[in-house]
Amino acid sequence: EARKPFLEKQLALYTEATQAAAVLATTTDEAELTAARNRFWALYWGELAMVENGGVSAEAGGVESAMVAYGRCLKQECEQTELQRLALNLAHACRDSLAVSWGVTDWQAPVYTP
């Protein structure tokens with residue numbers, strides 16, 4: 001019960017981060033891009049650092065690593081297809097982190113065997 005506020009905040013901030021990344025990777029509307037870019041950087045430099053973890057997904061660097069990769073791409077003005085790839089990596093890292101935090105394995109990516 002004591003963990004509940006943290007877990008709810010983590011879920012809310014991960015959702016905001018993935019939404020901002022998705023908008024930046026998919027829209028051409030300048031107002032939406034500006035708002036999403038501002039929110040991404042606010043999360044990056046502030047609130048998200050309180051709840052993100054390392055070592056879960058995004059090539060074992062976790063949400064922190066996925067955010068850094070996305071931020072680097074934004075600064076370098078990468079192609080939209082690269083932003084899309086990194087947005088998916090971020091969403092997957094958030095999903096995997098939440099699975100660990102919440103102890104809900106249903107959230108983890110399924111493992112497929114040929």
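Thr34 comes out as partly exposed at a relative accessible area of 38%, on a scale where buried means under 20%, exposed over 50% and partly exposed in between (1.4 Å probe, protein chains only). The model is predicted, so local features need pLDDT of at least 70 and side-chain atom pairs count only at pLDDT 80 or more, while totals for chains, interfaces and linings use all residues. Residues are numbered from 1 along each chain as its sequence is written, and side-chain values use heavy atoms, with hydrogens and water left out. Thr34 sits in helix α2; helices (H or I, at least four residues) are DSSP runs, numbered from the N terminus. Val23 is 11 residues away from Thr34 along the chain, and the two C-alpha atoms are 10.0 Å apart.

Next come the rings. Five aromatic pairs turn up when rings of Phe, Tyr and Trp (its six-membered ring) are paired if their centres lie within 6.5 Å, with planes under 30 degrees apart called stacked, over 60 edge-to-face and the rest tilted. One of them, Phe40 with Trp41, is edge-to-face, at 5.1 Å centre to centre and 85 degrees between the planes. Phe40 and Trp41 are both buried. Tyr44 and Trp45 also pair edge-to-face, at 4.9 Å and 70 degrees. Here Tyr44 is partly exposed at 21% relative accessibility, whereas Trp45 is exposed at 65%. Ring pairs tie Phe40, Trp41, Tyr44, Trp45 and Tyr70 into a cluster.

Tyr70 is also among the buried residues of α4, along with Gly62, Val63, Ala66, Met67, Gly71, Cys73 and Leu74. Their cover includes α1 (4–26), α2, α3 (48–51) and α5, with contact taken as heavy atoms within 4.5 Å. Just after α4, Glu77 takes a positive phi of about 55 degrees.

Glu77 shows up again in the lining of the largest pocket, as do Cys73 and Leu74. A pocket here is an open set of points on a 1 Å grid over the protein atoms alone, where a 1.4 Å probe fits, with protein on both sides within 12 Å along at least five of seven lines; lining residues have an atom within 4 Å of a point. The largest pocket holds about 200 Å³ of space, the volume being that filled by probe spheres set on the points. Helix α2 gives the largest share of the lining, three residues.

Technical notes:
Helix = DSSP H or I, 4+ residues; strand = E, 2+ residues; numbered from the N terminus.
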